[in-house]
Each structure stands twice: as C-alpha cells, then as structure tokens.
Amino acid sequence: PNPFNPSTTIKYSLPEASSVKLTILDIQGREIMTLYDSEKPAGNYKVQWNGMDQQGNQVSAGVYFCRFEGGNFSQTIKIVYLR
C-alpha cells in the first residue's frame, strides 16, 4: 500500500535471469537503502522495506523513490512513508 507504515512490499517480475538492483532514494535522489543487488533467475519476487536506511536508522516521514534496475529495464516509483 502507498502511503505505508511501518513497512511496504515491493513486487517485481523477471522474464529471464538478470542482474537486479533495488534501491530506495530520498527526495533529493540520494541512495539511502539498497534492498537487493545481485543476480536473480526468472520469476516473481517480493521485497519488503521497513523504513530504515542503510545504517539501520528510521527515516523521516515523507516522499521516497524505489528504483528497480533489471537487465535492460529500469523503473522508478514514488512511495510515501508515514509515521
């Protein structure tokens, strides 16, 4: 769901095996959390983000972006974190 609190599930599908990178960016485009960065086989996947940054600190309420990069495809979605 969007907005979310305390966590959100990000779903994605891969038609073929590829390298996947899933990151959370703040409103200024700074990377605050890498959720996944590795090779994945074809299939459907779910990743949860609990509103924490890379150091384990709770992020502030606000707008964030989830950036998906896989194979030759990339997509960015807006997510809203509420406290």
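Biologist: K21 has a relative accessible area of 26%. Which class does K21 fall into: buried, partly exposed or exposed?

Modeller: This is a predicted model, so the values are computed from it. Buried means under 20% and exposed over 50%, with partly exposed in between. At 26%, K21 is therefore partly exposed.

Biologist: What does K21 form with E31, and how far apart are the closest N and O atoms?

Modeller: Side chains of opposite charge can pair when their charged atoms come close. In this case K21 and E31 form a salt bridge, with 3.8 Å between the closest N and O atoms. The cut-off is 4 Å. The pair links distant parts of the chain: K21 sits in strand 2 (residues 18-25) and E31 in strand 3 (residues 31-40), 10 residues apart. E31 has 44% relative accessibility and is partly exposed.

Biologist: How many salt bridges does the rule give?

Modeller: The count is two. Besides the K21 and E31 bridge, there is one between the side chains of R30 and D26, at 2.8 Å from N to O.

Biologist: Where does D26 lie, and is D26 buried or exposed?

Modeller: D26 is in the loop between strand 2 and strand 3. Its relative accessible area is 9%, and because the buried class covers values under 20%, D26 counts as buried.

Biologist: Which residues does D26 touch?

Modeller: Sequence neighbours up to four places away are left out of such a list. For D26, what remains is I32, V63, Y64 and F65. Separately, a polar atom of the D26 side chain lies 3.0 Å from the backbone nitrogen of Q28.

Biologist: Which residues touch the most other members of the largest nonpolar core?

Modeller: That core has 19 residues, and the ones touching the most other members are Y12, L22, I24, L35, W49 and Y64. At least two core residues come from each of strand 1 (8-14), strand 2, strand 3, strand 4 (43-49), strand 5 (62-70) and strand 6 (73-81).

Biologist: What is the strand order in the open sheet of four strands?

Modeller: The order is 3-2-5-6, with antiparallel pairing. Strand 3 and strand 6 are the edges, each pairing on one side only. From one strand to the next, the twist averages 15°.

Biologist: How many bridges join strand 5 to strand 6?

Modeller: Nine bridges join these antiparallel strands. As a specific case, G62 has Y81 in strand 6 as its bridge partner.

Technical notes
Residues numbered from 1 in each chain as written. Predicted model: local features only at pLDDT ≥ 70, side-chain atom pairs only at ≥ 80, totals over all residues. Heavy atoms only, no water. Buried < 20%, exposed > 50% of the residue type's maximum accessible area, 1.4 Å probe, protein only. Core = buried A, V, L, I, M, F, W, Y, C linked by side-chain atoms within 4.5 Å. Pairing = 2+ DSSP bridges. Axes fitted to C-alpha atoms, helices over the stretch in contact; angles between N-to-C directions. Polar contact = N/O pair within 3.5 Å; in protein donor to acceptor, adjacent residues only side chain to side chain. Contact = heavy atoms within 4.5 Å.
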